[in-house]
Amino acid sequence: MTKTVDVSQETAAILDKLGVARSAWTGGDMASFSPVSGEEIARLKTVSAAETATAIEAAHAAFKEWRLVPAPKRGELIRLLGEELRAAKEDLGRLVSIEAGKITSEGLGEVQEMIDICDFAVGLSRQLYGLTIATERPGHRMMETWHPLGVVGIISAFNFPVAVWSWNAALAIVCGNPVVWKPSEKTPLTALASQAIFERALARFGAAPKNLSQVLIGDRTIGEALVDHPKVALVSATGSTRMGKEVGPRLAKRFARSILELGGNNAGIVCPSADLDMALRAIAFGAMGTAGQRCTTLRRLFVHESVYDELVPRLKKAYASVSVGNPLETSALVGPLVDKLAFDGMQKALAAAKAEGGNVSGGERVAEAGKETAYYVKPAIVEMPKQAGPVLEETFAPILYVMKYSDFDAVLEDHNAVGAGLSSSIFTLNMQESERFLAADGSDCGIANVNIGTSGAEIGGAFGGEKETGGGRESGSDAWRAYMRRATNTVNYSKALPLAQGVTFDIE
Ligand code: UN1
């Protein structure tokens, strides 16, 4: 017997414990649901476009103070945030499971990702360095300085409801910028909880300006107000390519910066020499993990004809036996889809795949007793005669399209023949193949892996992708530079004024 969890009651208990005021999530005008049970768990107050503008002005006032605080001191605030997140890990992870439907270890993993980026950002707070560059003029010095940029708007998606905020917020704050966050309408509670945790860190930190971090609950009008407001210097937006196509040009129109982290239609290639046991595990997690709702989810698999008949039946067996169920009550590996829209999208893609000659196993709804508005599905594996129809699109659901290949050059072409360019993997023990995959004429994605799946990237690397994925980079490596403005400084310490390029301009 599994215990029955009262989702609403548990949500309330966690929010109370994390210090989120009841007035923020009861009696409001926006309903929020848990995909675990399909039930309404909160009613939130939304803010208007006018209130968004006020919040941005307040953030800008905070910017004027925060940019003058030394970066290592700013890092101290993020160190405290990391401590508070460690203390709240279990509760926040559970809330992620309730609100996004993630299984327990993935809910906790998401909070771990927040902790990791805080640690990274603390170190970074002492490493926001520029170059010193040789100048062509005697008695001169040329260097780069990195300054805080301004208010950073964050638009995040339901599938990583808190980690993506933290990638942006930890870096932005260390870089001297306040953040204004519009979370997904599907996951507002984890946002309120993260803000409450941040406020605990702020209280311990002491003297920080007000409104360094704000959460704005509401619909797309808030996102639009963030995108259009002249005092928002950068918007980091995670979501669909369709959303990015609207956000990108609007930001460009006013010369604001963007970090776009959009769709992924990620592929793996299984070569003749692959370690098939390893590939099987990586494929299973990449394609079925998070119920196929990561932007790094594995969606297309190319298997060499020499190993196809060995690997694919094993994969189908793993699909048939994978446990699907309530992530709060069971240790199932696959939780629910986020809502009915996601379920309908999945069924539509499967029907289109069949019409293209696909052979579908799985994909049917799994009944969860008494929960007609919760959408649990068996992950689907679809053998396709070729890459066509829905295979070329991102469907945010656990569908893995499997195709046979014979020629390495041709499979690389097929690999790159989709709009998105986020993540990719090759499974091979042949270094000529693996190196080629990572070379200039190999994978065209922002993330290219060898003998690892497409999902589950560490925070230390820059995260993002090319083409219709939007080109933005968040998280590790030098992604911090997007949150700062670069000044080139030339200092003349000589007694003369030589002009560059040998130009003379002598006045009397
Ligand atoms: C996303 O799905 O939007 O690599 C982000 C991963 C995670 C982040 C995914 N670290 O799967």
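## Close-up views of a predicted model

**View 1. Ile426 sits in strand E18, which covers residues 423–427.** Bear in mind that this is a predicted model. Is Ile426 buried or exposed? Ile426 counts as buried because 30 C-beta neighbours lie inside 10 Å, and 20 or more are enough for that label. Look around Ile426 and you can pick out the residues it touches, leaving aside those up to four places away in sequence: Ile269, Cys271, Glu433, Ser434, Phe437 and Val450.

**View 2. Helix H8 runs from residue 241 to residue 253.** This helix has 13 residues, and the distance from its first C-alpha to its last is 18 Å, close to the 18 Å expected at 1.5 Å a residue. Which residues of H8 are buried? They are Thr241, Gly244, Val247, Gly248 and Leu251. Seen down the axis of H8, these buried residues fall within an arc of 115°, so they line one face of the helix.

**View 3. The buried residues of H8 are covered by other elements, including helix H7 (220–228).** Strand E8 (232–238) and strand E9 (257–261) are also among the elements that cover them. Follow the chain to just after H8 and you come to Phe255, with a positive phi of about 60°. Here is some background for that detail: most residues other than glycine have a negative phi.

**View 4. Asn211 lies in the loop between helix H6 (188–205) and strand E7 (213–215).** What is the phi of Asn211? Its value is positive, about 65°, although Asn211 is not a glycine. Asn211 has 20 C-beta neighbours inside 10 Å, and therefore counts as buried. The cut-off for buried is 20 or more.

**View 5. Ser475 belongs to strand E22, made of residues 474–475.** Ser475 is a residue other than glycine, and its phi is positive, near 75°. Why does Ser475 count as buried? The reason is its set of 27 C-beta neighbours inside 10 Å.

Conventions. Residues numbered from 1 in each chain as written. Predicted model: local features only at pLDDT ≥ 70, side-chain atom pairs only at ≥ 80, totals over all residues. Helix = DSSP H or I, 4+ residues; strand = E, 2+ residues; numbered from the N terminus. Buried ≥ 20, exposed ≤ 12 C-beta atoms within 10 Å, placed from the backbone. Contact = placed C-beta atoms within 7 Å. Expected span 1.5 Å × (residues − 1). Arc of directions from axis to C-beta.
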